Amino acid sequence: MTKPEPFLVAPVLTLALSACAQVPAPDSAAPPPAPAVDATSSAHCDAGKVADAVGLLPTPETQERARTDAGAEIVRVLRHNQPITKEFRMGRLNLVLDAEGKIASVNCS
């Protein structure tokens, strides 16, 4: 078995060791900038403004009126006993239906 040439071992060893080096953390003294918020954005939903929708059928017209009155970006109809995802979307209005298909409650998420 032959010995490896020293001039070949040094670069390989240097490369291998540099892969294990720790990268310095960014300066944590300055917090990251806050995201810009557009004051005219409709991302804020207020379900209290559409409490009168309870008891109505979720027709396309009712959904659109509830969405605009609540200031929501989108509306989601949740049928009785329907499995739902739990992700939070600030600008979403949920219309929760009862077993008869009428709006039982409204909430934002």
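In the hairpin formed by strand 2 and strand 3, five residues lie between the strands, and one of them draws the eye: Gly101 takes a positive phi near 90°. Helices (H or I, at least four residues) and strands (E, at least two) are DSSP runs here, numbered from the N terminus. The structure is a predicted model, in which local features need pLDDT of at least 70 and side-chain atom pairs count only at pLDDT 80 or more, while totals for chains, interfaces and linings use all residues. Residues are numbered from 1 along each chain as its sequence is written, and side-chain values use heavy atoms, with hydrogens and water left out.

Strand 2 (residues 92–97) is largely enclosed by the rest of the structure, because five of its six residues are buried. Buried means under 20% relative accessible area, exposed over 50%, and partly exposed in between (1.4 Å probe, protein chains only).

Helix 2 (residues 60–70) has the buried residues Thr62, Ala66 and Ala70. They cover an arc of only 50° around the axis, which puts them on the same side of helix 2; the arc is that of the directions from the helix axis to the C-beta atoms. The buried residues of helix 2 pack against strand 2 and strand 3, with contact meaning heavy atoms within 4.5 Å. On the face turned away from this buried side sit the exposed residues Pro60 and Glu61. Just after the helix, Gly71 takes a positive phi of about 75°.

The largest nonpolar core has 13 residues, and those with the most contacts inside it are Val50, Leu93, Leu95, Ile103 and Val106. Helix 2, strand 2 and strand 3 are the elements that give two or more residues to this core, and strand 2 supplies the largest share, three residues. Such a core is a set of buried Ala, Val, Leu, Ile, Met, Phe, Trp, Tyr and Cys residues joined through side-chain atoms within 4.5 Å. Leaving aside neighbours within four places in sequence, Ile103 is in contact with residues including Leu56, Pro58, Thr62 and Leu95.

Turning to charged side chains, a search of the whole structure finds four salt bridges, each defined by a side-chain nitrogen of Lys or Arg within 4 Å of a carboxyl oxygen of Asp or Glu. One of them joins Arg65 and Asp52 (3.7 Å, N to O). This pair links distant parts of the chain, with Arg65 in helix 2 and Asp52, 13 residues away, in the loop between helix 1 (6–19) and helix 2. Arg65 is partly exposed at 32% relative accessible area, whereas Asp52 counts as exposed at 52%. Arg67 and Glu64 meet in another salt bridge (2.6 Å, N to O); being three residues apart in helix 2, they are separated by about one helical turn. Glu87 and Arg92 also form a salt bridge (3.0 Å, N to O). In this pair, Glu87 is partly exposed at 37% relative accessibility, while Arg92 counts as buried at 4%. Salt bridges that share partners join Asp52, Arg65 and Asp69 into one network.

Conventions
Two strands pair if DSSP finds at least two bridges between them.
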